[in-house]
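Here is a short report on one protein model and its ligand. Please keep the sequence and the 3D view open while reading.

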Amino acid sequence: PRSIRLADYRPPMFLIPRTALHFELYEDFTLVHATLGLVRNPASDERGPLRLAGEGLELRELLIDGEAPVASRWRCDAEGLELDDPPEAFELCTTVRIDPRANTALEGLYLSRGMFCTQCEAEGFRRISYFLDRPDVMSVYSVTIDADRRRYPVLLSNGNRTSQRALDDGRHRVVWEDPFPKPSYLFALVAGDLACIEDRFRTRGGRDVALRIYVEEKDLAKGDHAMASLKHAMRWDEERYGREYDLDVFNIVAVDDFNMGAMENKGLNIFNTSCVLACPATTTDAGFQRVEAIVAHEYFHNWSGNRVTCRDWFQLSLKEGFTVFRDAEFSADLGSRDLKRIEDATLLRTAQFAEDAGPLAHPVRPDSYIEINNFYTLTVYEKGAEVVRMLHTLLGEEGFRAGSDLYFERHDGQAVTCDDFIAAMADANDTDLGTFKRWYGQAGTPELTVEDAWDKDSGAYTLTVRQQTPATPGQPGKAPLVIPLALGLLGDAGNLRLTLEGETPDGEQADNTHRVLVLEEPEQSFTFTGLPERPVPALLRGFSAPVRLSYPYRREQLRTLMTRDDDGFVRWDAGQQLMVAALGDVQAARAAGTTPALDPLLAEACAALLDPATPDPAVAAAMLALPGESTLVELAAHAGGADIDAIHDAREWLRAALGEALEDVLVRCVRRHPPAAAYAPVGEQIGPRSLRNTCLGYLATRGDTGLVLARAQLAEADNLTDRLAALRVLAQAGDATERETALEGFYAAWQHEALVVNHWLQLQATLDLPDAVERVTALMEHPAFDLGNPNKVRSLVGAFAGANLVHFHRADGAGYGLLGGVVEALNARNPQIAARLLTPLTKWRTVPVRVEAMRAELSRLAALPALSPDVYEVVSKSLE
Ligand code: DPP
Ligand code: ZN
């Protein structure tokens with residue numbers, strides 16, 4: 001397989017202003033008739049044959065301007081169709097036969113549970129028809145769909161439906177027209193026997209939009225939350241970004257077999273059932289929030305992605321980074337800003353930092369790829385969103401909005417680059433973002449080292465900040481970046497006023513206790529003057545940049561920040577650092593063969609969080625939660641290499657020690673937050689529920705105390721959040737009989753709900769039991785499991801490898817063998833999922849004692865015949 005490079009980008013030779021597609025859908029095959037109006041692109045000086053992409057297509061007819069071309073003037077291979085000396089403008093008609101039923105890769109047109117659906121991003125359209133399948137070729141589509149009327153009463157595509165009529169033989173025909181030019185990756189088609197819930201939305205400009213969510217009849221009751229979320233998102237985008245919807249209908253379809261979470265096809269979003277269906281019995285609190293966020297994310301793409309799209313796939317973050325930032329702000333506005341920030345920072349620091357430190361590290365705008373599907377990554381999405389957030393921080397809300405308005409106005413209907421986005425931001429603010437742009441081209445996580453100095457006599461406090469970005473594959477040297485470092489300084493009585501050397505103290509301004517320092521040099525010093533006492537620096541407030549920051553905090557300072565800083569992220573992070581320090585104590589004691597002792601400062605801090613006076617139970621729950629094993633492994637790996645067993649052991653020791661020390665307070669807290677009379681996924685309930693279940697997790701280490709509470713909760717719960725929390729305690733802390741009885745009982749009650757069964761699989765995949773590997777292997781034979789369904793594979797195998805670290809890394813290599821076997825089985829069947837599953841195995845450098853076993857499994861995979869480009873790329877780059 002060959003690499004595609006950004007440096008080789010050339011504009012398309014031809015454009016396709018108009019596309020007409022006619023689908024004849026049958027169960028055992030489908031005919032696709034395409035009529036493309038092609039014209040030479042004035043922006044291209046390329047000559048020679050014209051290549052259209054096409055894969056797995058059986059060509060039945062080919063006409064150029066109505067005539068069959070001479071055989072010597074065209075050819076077809078496994079990757080497409082080539083036409084010699086194409087006219088300057090011509091009509092190309094093709095008819096191809098495809099087999100959606102045999103499509104297990106879930107790219108292009110496929111059948112899922114009796115329903116036809118499509119997934120075209122990034123390059124799925126070429127599995128439907130010959131086309132210039134690249135995002136800078138934007139076309140106006142007209143789509144005709146013929147199918148059996150009884151089996152497929154619902155026929156959908158992008159845009160507005162313009163006609164519908166009966167055909168002979170029990171078939172019917174529907175025509176959809178999308179007036180907005182779009183790239184082929186946004187094409188969508190659905191045919192099935194679906195029910196729908198319907199609502200309306202009137203845009204600010206007065207357009208009445210019909211909103212429909214299509215689901216299987218049995219799931220009809222599970223669409224309301226997504227519908228409410230959609231309306232919130234539509235209103236929010238009008239208010240915060242001035243963006244209105246532009247068609248008469250907005251359709252969402254839920255499908256069970258889906259590689260991604262959801263897809264923003266113009267006017268016809270297609271969703272993985274796990275990201276759209278929601279009801280209290282089948283969805284957790286986190287699940288409800290996820291549905292809201294993803295519905296909003298896909299809706300927001302209508303502007304950031306569809307109206308303005310990407311020139312090429314290297315620019316993926318242009319739409320994804322921006323849209324993730326938009327959905328994060330939406331969630332923060334609708335829910336808890338602090339918690340959203342804590343969650344996003346955790347994801348970034350755990351998984352994205354690991355990606356940035358690993359063999360597949362790449363910039364937010366990659367320079368090359370073999371398979372673009374491998375680049376739908378945390379770096380492109382989450383770090384890309386952080387880059388946009390930094391722009392927001394640097395330009396301020398108004399400046400950012402001006403930049404975004406200019407971007408949409410300037411580029412509406414175009415396929416553009418990250419440079420265009422930055423240029424709009426810079427132009428609207430009359431500023432230069434040339435150096436800032438390095439964030440798009442430079443991989444790796446920048447490291448900030450902060451030192452301070454206090455001059456008691458003059459009251460001057462100096463912070464010296466050094467930045468450095470480590471080498472990553474293909475990028476040995478790095479330039480300094482523009483980094484907004486938000487901070488405050490805490491004194492005994494609270495926030496201190498901040499005056500930098502050379503500034504005149506501003507006595508009037510009340511809000512001068514918060515600053516954003518802009519770093520751009522390898523080393524910079526900032527001196528604050530006129531301070532009454534030596535402060536505790538509250539650094540990186542709001543996680544103002546995607547960096548690692550080190551400052552030698554003493555534990556008392558962390559305790560101060562934890563209780564007293566204004567910023568929720570800093571408070572939480574200080575608590576986490578205190579826990580990391582306590583875990584270090586445990587590991588040190590274990591290594592020295594002595595008995596660990598619980599840090600009294602930490603015990604006291606946790607007890608304070610459990611105090612009835614603590615204002616926000618949701619934040620208290622987040623602060624009480626121990627840093628996850630993946631976070632700890634990432635930290636240890638950065639410091640030289642992780643001992644996963646020691647980390648796990650220390651974490652379990654600390655959990656038990658806190659459970660013991662705080663047992664009474666924990667029990668009281670559980671009792672203080674009984675289940676609500678009727679479940680609702682609203683903040684006022686989610687916080688207390690999450691705090692109660694966090695306490696339950698600690699109490700699981702207390703034998704019967706925890707088990708009794710968990711049994712009662714499982715028996716009485718009216719919602720999945722509480723049921724799963726209780727089931728986890730029983731399955732983890734109960735004896736074998738209790739565990740199996742609880743798990744079997746749960747399955748018996750919920751086996752008819754696929755999404756609940758996914759949770760059941762995931763819970764078992766992440767149990768800390770000696771036979772964890774064997775349990776997962778056995779579950780792969782369970783009727784509930786299906787290798788063809790990406791959700792099931794992720795829930796069982798993905799969760800095991802990604803979240804059950806001690807057992808995945810079992811010394812005999814059985815965990816690696818399990819994962820490798822599944823990747824092998826999926827390589828041909830669904831290469832995209834196969835490659836994605838491999839991620840945990842690529843992190844072999846972080847686990848020094850397992851390097852050989854992990855590499856051995858990778859090498860075994862590398863030697864397999866007929867590796868997909870997807871798996872080949874991940875395996876070969878990991879072994880380099
Ligand atoms: N559907 C995926 C997303 O919205 C890819 N565009 O992120
Ligand atoms: Zn997206």
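## Basis

This is a predicted model; local features need pLDDT of at least 70, side-chain atom pairs count only at pLDDT 80 or more, and totals for chains, interfaces and linings use all residues. Residues are numbered from 1 along each chain as its sequence is written, while chains are lettered from A and ligands numbered from 1 in the order in which they are written.

## Whole chain

The protein chain has 27 helices and 31 strands. These are DSSP runs numbered from the N terminus: helices are H or I with at least four residues, strands are E with at least two. The C-alpha atoms fill a box of roughly 90 × 70 × 55 Å along the principal axes.

Of the 880 residues, 50% count as buried. Buried means that 20 or more other C-beta atoms, placed from the backbone, lie within 10 Å of the residue's own.

## Domains

An automatic or database assignment sets the domain bounds. The domains are domain 1 (4-300), domain 2 (324-504 + 512-550) and domain 3 (751-880). The C-alpha centres of domain 1 and domain 3 lie 31 Å apart. Their contact takes 13 residues from domain 1 and 14 residues from domain 3. Contact means C-beta atoms, placed from the backbone, within 7 Å.

## Strand E10

Strand E10 (residues 115-119) is mostly covered, with 5 of its 5 residues buried. Met115, Cys117 and Gln119 point one way; Phe116 and Thr118 point the other way.

Strand E9 (residues 108-112) runs antiparallel to E10, joined by 5 bridges. Strands pair if DSSP finds at least two bridges between them. E9 and E10 form a hairpin with 2 residues between them, and Arg113 in the turn has a positive phi of about 45°. E10 also pairs with strand E15 (residues 189-192), antiparallel, over 2 bridges. Phe116 is the bridge partner of Leu111 and stands opposite Ala191 in E15.

## Ligand site

Which residues are around ligand 1? They are Glu121, Met260, Ala262, Met263, Glu264, His297, Glu298, His301 and Glu320. Each has its C-beta atom, placed from the backbone, within 6 Å of the ligand. Strand E19 (262-263) and helix H2 (285-300) each give two or more residues to this shell.

Conventions. A residue is buried if 20 or more other C-beta atoms lie within 10 Å of its own, exposed if 12 or fewer, and partly exposed in between; C-beta atoms are placed from the backbone. Two residues are in contact if their C-beta atoms, placed from the backbone, lie within 7 Å.
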